[in-house]
Each structure stands twice: as structure tokens, then as C-alpha cells.
Amino acid sequence: SGASLRYSTGTGGEGSEGEGAGLGSSDSGGSGFSLAATALPERRRPGGGRPRYEVVRELGAEEVRWFYREDRKTWKPFIGYDSLRIELAFRALGSGGGGAGEPAAVEPVCVRSGLYEVDVASAESYPVYWNQTEKIPVMRGQWFIDGTWQPLEEEESNLIEQEHLNRFKGQQLQESFDMEISKPVDGKEAIHSLKLSRNHVDWHSVDEVYLYSDATTSKIARTVTQKLGFSKASSSGTRLHRGYVEEATLEDKPPQTSHIVFVVHGIGQKMDQGRIIKNTAMMRDTARKVEEKYFSNLATHVEFLPVEWRSKLTLDGDTVDSITPDKVRGLRDMLNSSAMDIMYYTSPLYRDELVKGLQQELNRLYSLFCSRNPEFEEKGGKVSIVSHSLGCVITYDIMTGWNPVRLYEQLLQKEEEELEERWMSYEEQRLLEELYMTKQRLKEIEERLHELKASTISKPPVLKFKVENFFCMGSPLAVFLALRGIRPGTSGSQDHILPRTICNRLLNIFHPTDPVAYRLEPLILKHYSNISPVQIHWYNTANPLPYEHMKPSFLNPTKEPTSAPDTESASAAPSPTTSPVMVRRHYGESITNIGKASILGAASIGKGLGGMLFSRFGRSSATPQSMETGKDGPEGDEKKATAVGTPPLPHSSSGFLEPTVELEHRIDFELREGLVESRYWSAVTSHTAYWSSLDIALFLLTFMYKQDQEETGKSHLDTL
């Protein structure tokens, strides 16, 4: 599309047919446009700008630029690929292809990497994958303000364009011009003028057009400056340009999506229903900046889609609201809209509704995306999930198919085993055998009944896609697993809590002062409670060490977690109500445990809402041993700092961390604390601070692009 694009603007004949045919096949490439090299010589501005022609003619589709405006901010231009296709649909709409004077039926135009569609007839844009109450206005730009290149309002722009063509169509343009510099037009009288509602436009030549305000203050200022010897244009005029600064081309298109990320919210969505859409938009915009800086050489990109599962659920209706007292109603409503989600999830009555709500929304989004991007599955596109807070627990349960019924069955089986072990009379034994046979018979009948009905009730929720990466942010998943009886093993494999066949990689991201977040690694290998999480690199770190090459370091090097006697280790067995001991870190004293008991209380529904909020507000609990290590003074601190940063780790009798007790992959990743932030304040704000973090955006993309590159390189080698 380097050649100029010519369009017929009449209502019939060849031009209309070409446009209509082009619109029908506007899927990709140049099929949406009738391309023809023009015989007219073209002029480009210095620096390789938009082509200009010798003769004034109607604007080509490549010179028009379409804009959109979100949140009542400034107008933003669509990329060239989107703008050309919107303009083609606009011209087809105006060609009257519908017959009998009716406008042609034009399909919505897919824009902004496929996330939005534009309805040209109503001049509005709307999202494809989520609901949004406010429509996004779009505007056709023909005349632009010098410097900012913001478009004039469409009504004024149309009037100016019509007047310009009526007066100057067919006339020669100036032989030499430089639109980068707004030259004063001193001594030049206006050769043509147009009065608008609040402004007027003067043409000093074909290519020198100025806009003036007709407000009283502007008129007075103009009069004063002209008496002082300044020209009208240089003192109060705004120079206008016809056609956008850049030519729109079909090559200016977004890269192909190779990886989609579903962003799942946690509690509190009922309180602010559009919050996850805004949070995902922040994460998407932040990821775009990171992509441009670090991954601009790649031909693919990662797309983020919000998963809003809470607002469609009915749950108890308004029963909880009806039993809520009126005093301090605002605080009570806030708790009902946020913390109550944890209560719902631990309720056997409503848990399935929450699980099915999220599962159905994930499958709906995936099916919709694949239907609009058929090449995604063909080319091996991948799917990852980023979950926040309680969303991590629900997503985990969907992937693994966990439900309380399974836990109840395990408890019953355990009771039966205990009964078999103890001594019993002949009568008891006979009755137990009869009970066992009856249960077996009942189970067989149930299975046959399910087969006949072809029921899927007993099957766990199933996702239509394989999850490549599961990123947990500010996640209480570890404490839920601990309350379900998960205890540390000896394998060091992620399979202990999430099989690799279900999800290739599990990553737990948290801020060090987030009171809702818990570590997962100590649930796999117990001694990792004394090994610090991996520190996430700053966004602007030069040549950071790859995460797989970072060596683990002890939080407390003097502690030997595996050398304790059996009796001592048995008495110190981890309990769901205790958190791993974390003594002083190399960057300062450990954080306060604000709100840790809140999630525990909510998960077990053992405490009320009062117990949920800040029920343990104090210094980190420390054992006598750790208190003694804190009294070492400056010398001890220096030793600790040296030991913390020195690999390999002194863990076994040989002085090295044994490979057999290392994790296959690190799971816990910690954001670095700011140098001046207050830990008490950040404990309140950190749980919602993940969305706009450049550090997290780089972390996510690093893992996703690394996998894509490895697989691409592997397939290339296989081909060779």
C-alpha cells in the first residue's frame, strides 16, 4: 500500500461496487481496498510524511484518520489498519447500497487487536469480550490542529472540508511548502473565509488555513495585538492541517496474538462491578509498554481478557441484606459486598454456584475468542490465568476438580480404617461387613443410574483449554490447602499441590506486606519456610539474572530445620493456625502479621467478621532461638547478610543444599519493597497494587515469551 489509494465517492458505478466487494472480504491484507497507482505526482513532507498532491481533490481514505475517546479524555487515533477499515465501512454506508434510498447495512468493524468493535452508523465503539455501560465515541478526523494533531469536531470539520472543496477543488497546490513549521502569514490577506457557530476560518492560501475564536475576549485580544503590529494569524490564529500527519497503511496492523491471559478477580467485585475491567486495562497498558521496550522484535503478542464472574450470580438474593442492621450501614454493606464472598465460597449451598459461574465464564470467553480468531488454535496458541485473592482458590478448584464431598469421603474412609484396626466382637464385625457390602451395592446402583441418565453432575468442572501458567497474585490459596489437610512432602515437585498435567507452571506472586498473601513452597518442602522467596527484578534493572539461575538463600542461616530431633520436630509440626517463622530479613525487620488470622477465620468460618479483620495486630512471633539470633548485634547482622547472599546454602552435613531436596522450579516470587514506603500503610494498599506494576508486567511476559521462544526454537530444530 505504498502507492496512493484512490476512491470513488459517487453513489453508483465502479467505485461503489469496488467498495462493497472490498468490505465483504476485509479480513486481512489489502483485500478490503481497491488499490490503484495514481498518475498524479505526489509530494511528501520532509522527514517522510503524508503524500500531498499537485491538485486539490477529495481526501483519500489513507489521509482520513479515525479517533476514539475513553473516560472523557483526549481523542486517541486508531492505528492505520483499523482506521482504513473503518473509513471503508463509512464510505460503504454513505454510498446508499441498501436500495430505495436506505443506507447500506454495514457490519461492525473489529478494532484494537480484536478487543472492540466499531458501529460506524452510530459512531460508537464497544468491547467484544465484556460488558460496559458507557459506549466509547468514535470520530472521523479530516482537519487537524497544528502541533497536537487533535481532530476538529466532526461537524465543524465537515463544514470546513465542504467549503474547501467548493472553493479550491482542482486548483494547484503551492510548489514548496513545509508543514512542520507554522510560518506567519504577515501581510497576506485572507482570500476566503467561513463563519462557524463560535469560530471562523480564514484561508490565506490553498494550504494556509487558520481557525479563530469569535469569543469576545479573543476579539479584544486580536484587536490589541494587531494594533501593536502583529498579524491576525500569528497573534490569535490556530493553524489547521487537512489530512492526518501520517498516512494510514494496511501494514500498520497489530501483531498476532499467540498467548491469551484470563484475568480473574477476587472478592469485592460486587462493590465495584467494573473494577476488574479497569484493573485488566491497567495491566494490559502496562504490558504494552513492557512489550515495546523489551519484546518489540517479536511478531506476536500477549492479550489480557478480564473474567467478571461475580455480578451474574444470584446466590441468596437479598436475604443477607434484609438481616443486616441499619447502624453503620455503609461499613456493613462494604463487608457484605467483599468479605461475604469468602463466606459464600465456604458454604456448601453456594460454593458450586461460584465455581460454575467462573468456569462457564472462562469457557465462554475462550470459545468466543477462538471463533473470532480461528488461527489461534491452529497455530498452537497458549492460555494462562492470572488470578487475584479468592479468585486463585476458585480457579485452583476448577482446574483440579476439588470439592468438599471428596474430603468428606476421605474422612469416612479414614474412620472405616480406624474401625477395622481396633478389636471388635463377632456381632460388630458381621454388621460392619454387611454395611460394607450394602455400600458397595449402593455405589454400583448409583453408577448404573448415572450412566443411564448420562448425567455430568458428579464430574468436576472442566475447562476447554490447557492452562500453561497459573499466576496467583496476593493469594490465600496456601492457607486453604493447609486447612484441607495438605502437608509438606519429600518430592520437591509442583505435582504435590498442582499436577503438571493440569497446569504446566504455578507461580505465586505477592507483595511482602500483603496481609492476604501466603507462601506455597513450604507446603511442598517444609524447609522452604526458612528459604526466602525469589525477588522479582525491578522493571529497569540492566541485564537481570534469569530467574532459573537465581540461587536460593536462607532467611535465617543459623537455623537448621532438618537437624531437629524427631520429638522436637513432631511437636513443632505446622498447624493451619500458625504461619512459617520468618525472622529478620536482610532488608529489615519482618512485617507485621496484619490480617493473617482474618483469612484463616474466614476459611474455617470459625470466627465472625470481627475476628476476620485485623485480629492479630502485632510483631512477628519469634521462637526463643530466633530471639537470641536477633541479639547478635552489628557483627551478627553482618554475618547474616553475608550468609544470606552466599550460594551454595549450608543445609546438609556436607555444607551444601542437596539437589534431592530442592524444588524443581521456584514457585514463590516476592515484589521488592519501596525504599521509603510505610509498611503499615502498604499493608492496607499492597493487596490491590499488583495491577499497574511494571515489575509484575515484565515478570509475566518474561515467563510467557520465554516458553514461546523455547518451543519455537525446538520446532525449528525438529524441522532441520
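Start by selecting Val-328, Leu-331 and Met-334: together they make a nonpolar surface patch with about 270 Å² of accessible area. A patch here takes residues with over 30% relative accessible area and no salt bridge, joining nonpolar side chains within 5 Å; a salt bridge is a side-chain nitrogen of Lys or Arg within 4 Å of a carboxyl oxygen of Asp or Glu. Areas come from the Shrake-Rupley method with a 1.4 Å probe.

A quick note before you move on: this is a predicted model, where local features need pLDDT of at least 70 and side-chain atom pairs count only at pLDDT 80 or more, while totals for chains, interfaces and linings use all residues. Numbering runs from 1 along each chain, and side-chain values use heavy atoms, leaving out hydrogens and water.

Now zoom in on Val-328, in the loop between helix 7 (319–322) and helix 8 (329–337). Helices are DSSP runs of H or I with at least four residues, and strands are runs of E with at least two. Val-328 is exposed at 55% relative accessible area (exposed is over 50%, buried under 20%, partly exposed in between).

Next, pick out the open sheet of 5 strands, ordered 9-13-12-11-10 with antiparallel pairing. Strand 9 (143–145) and strand 10 (192–195) each have a single partner, so one side of each has no neighbour in the sheet. Strands pair when DSSP finds at least two bridges between them; strand 10 and strand 11 (199–205) share 4. Click His-192 and you'll find Trp-203 opposite, in strand 11.

Last stop: cysteines. Cys-110 is partly exposed at 26%, whereas Cys-370 is buried at 14%. The whole structure has 0 disulfides (cysteine sulfur pairs within 2.5 Å).

Note on methods: Patch = residues over 30% accessible without salt bridge, like charges linked within 9 Å, V, L, I, M, F, W, Y side chains within 5 Å. Buried < 20%, exposed > 50% of the residue type's maximum accessible area, 1.4 Å probe, protein only.
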